[in-house]
Amino acid sequence: MKKSSKPDLYSALKEYSESNNYPLHMPGHKRNTKMLNGGLPYDIDITEIDGFDNLHNANGILKRTAQKAEKIFHSSHAYMLINGSTCGILAAISCTAHRGDCIIAARNCHKSVYNACFLSELDIRFVYPPTESSGICGSISPDSVAAAIEENPNAKAVIITSPTYEGVISDIKSIAEVCHARKIPLITDCAHGAHLPFCTFGQTGEPVSCGADIVITSLHKTLPSLTQTAAAFVNGDLISSKRFEKYLGIFETSSPSYVLMASIDRCFDFLSDSESKFEQYEQLLFRFSEKMKELRRLKVLCHGGDTPENHGFFAFDKGKIVILTGDTNISGVELMRRLRDEYALELEMSYPTYALAMTSVCDAPSGLERLAHALTEIDKTLAYAPSSAAFPPLPEPMNLRITNAELEALPDAELTLYAAKEGTYISRRCIYAYPPGIPIVIPGEIIGASEYEYIERLKKSGVIVEER
Ligand SMILES: Cc1ncc(COP(=O)(O)O)c(C=O)c1O
């Protein structure tokens, strides 16, 4: 869709919502007002007046919403979050590790994990997922977590992302066992997996039932709930729920929106009677997957004839449609543009080697049919060009272990990269492609020419690279 001619945000949003553009991106409600019975307007936007409880000390109507979540997700403690998964991740890390402590993190974690570590000046030790030539990260192996714990037995927590933005699920049950053998809590960033407990393909990696101690999940990404809404779950006896609450109180706004909280409450009601809706959703995905067998050049990760085993993934979230362009003469960025311009299909993100469509239980059958049709048509126009866009895995730069104050004191404070020695730089900020927001470089890392070129290549390919 072209730039809106409307002068203000509200009119531009209304105009867009009336267009033919179909959303293959967040939020998970897919603007499907027919399915969700109407809107959530101004007339219910209040503050903590009498009878409406207080999110930071809930014991009335808001506590009842949390209790619904505890029942549906089988969790001892559940929390509504209205500052996204981000505030839950900040609270989870802050309540487990303090200044100078060691934490073990999967290298492909979201920037919020790195921001939490930055704030508390934590000593991060990484576990690396295997990475495919497309740049897609695989599952984190329990063995790699065991090895990291062996090397860092004083670690205060382990944090991994499962499922990833692209849908790759790790073996949380085995990873939790490895962590618990050393009494180390496992935090799982399940921002993209709120729907997993309700789908047959997700249950093996669903982190609450698999024993993760803190699980953070974005309701808005894959379920019918408004943008910014999320939930956190605390279980087991390694984490004090009171301590978690203390840090939520620090990172979450003191004016939580009742409109957002009402959408969370509705989402939980939707989930408590959703079996047939999720069955229909899986059938929709199955039909889409079958259609993908017809593609000659494009491939769709773990759809069509492809399986998680082909990639060594523990499991895969079939709700993610990752269209691989690596063997074709088109990049993921160009594919996303063609889908938008020629078929009015708006995807979630693209990378040089793939484009990502997000689906949800609220998708209309016609949305996925349109995507399947568009992909089969585009596929016919593509030539075979193997590995033309192969991208190296995330670099493994050297961590300088420098304090925040020392970083800020480096000369040329405005620059992201400080030239350390001939051909090497110290990064002052996180540098990441957005989306997905996984840092390529974090503050205090030394990078060399190859990482520098990687970043430049990403920028040239049309991916948005941010530095914060
Ligand atoms: C893996 C991952 N974790 C956490 C987040 C943060 O979630 P939120 O946007 O709900 O704050 C994101 C956002 O995209 C994400 O991709």
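In the predicted model, I160 stands opposite T188 in strand β7. The two strands concerned, β5 (residues 158-161) and β7 (residues 186-189), pair in the parallel sense over four bridges; pairing requires that DSSP finds at least two bridges between two strands. Strands (E, at least two residues) and helices (H or I, at least four) are DSSP runs, numbered from the N terminus. Because this is a predicted model, local features need pLDDT of at least 70 and side-chain atom pairs count only at pLDDT 80 or more, whereas totals for chains, interfaces and linings use all residues. Residues are numbered from 1 along each chain as its sequence is written, and side-chain values use heavy atoms, with hydrogens and water left out.

Strands β5 and β7 belong to an open sheet of seven strands with mixed pairing, in the order β2-β9-β8-β7-β5-β3-β4. Its edges are formed by β2 (77-81) and β4 (123-127), each of which pairs on one side only. From one strand to the next, the twist averages 20°.

Strand β3 runs parallel to β4, to which five bridges join it, and A105 stands opposite F126 in β4. Five of the five residues of β3 are buried, so this strand is largely enclosed by the rest of the structure; buried denotes under 20% relative accessible area, exposed over 50%, and partly exposed the range in between (1.4 Å probe, protein chains only). In a regular strand the side chains alternate between the two faces of the sheet. In β3, C102, I104 and A106 point one way and I103 and A105 the other way, all of them buried.

Helix α3 (residues 61-73) lies across β2 and β9 (230-234) and runs at about 120° to β2. Helix α4 (residues 84-96) packs on the sheet and touches β2, β3, β5, β7, β8 (214-217) and β9, its direction making about 165° with that of β8. Contact here means heavy atoms within 4.5 Å; axes are lines fitted to C-alpha atoms, for helices over the stretch in contact, and angles run from 0 to 180 degrees between N-to-C directions.

A helix pair was also examined. The axes of α12 (residues 275-291) and α15 (residues 365-380) come within 10 Å and cross at roughly 10°. That makes α12 roughly parallel to α15 (under 35 degrees; over 145 is roughly antiparallel, 65 to 115 roughly perpendicular and the rest oblique). At this contact, L284, L285, F288 and K291 in α12 meet P365, L368, L371, A372 and L375 in α15. The contact residues divide into eight nonpolar, no polar and one charged, where Ala, Val, Leu, Ile, Met, Phe, Trp, Tyr, Cys and Pro count as nonpolar, Asp, Glu, Lys and Arg as charged, and the others, Gly among them, as polar.

The structure holds 18 salt bridges, each defined as a side-chain nitrogen of Lys or Arg within 4 Å of a carboxyl oxygen of Asp or Glu. One of them joins E445 and R107, with the closest N and O atoms 2.7 Å apart. This pair links distant parts of the chain, 338 residues apart: E445 lies in strand β21 (residues 445-447) and R107 in the loop between β3 (102-106) and α5 (111-119). E445 is buried at 0% relative accessibility, and R107 is buried at 1%. K291 forms a salt bridge with E294 at 3.3 Å between the closest N and O atoms; K291 is partly exposed at 33%, as is E294 at 48%. In a further pair, R125 and D123 have their closest N and O atoms 2.8 Å apart, and R125 is partly exposed at 27%. K68, D265 and D269 are linked in a network of salt bridges.
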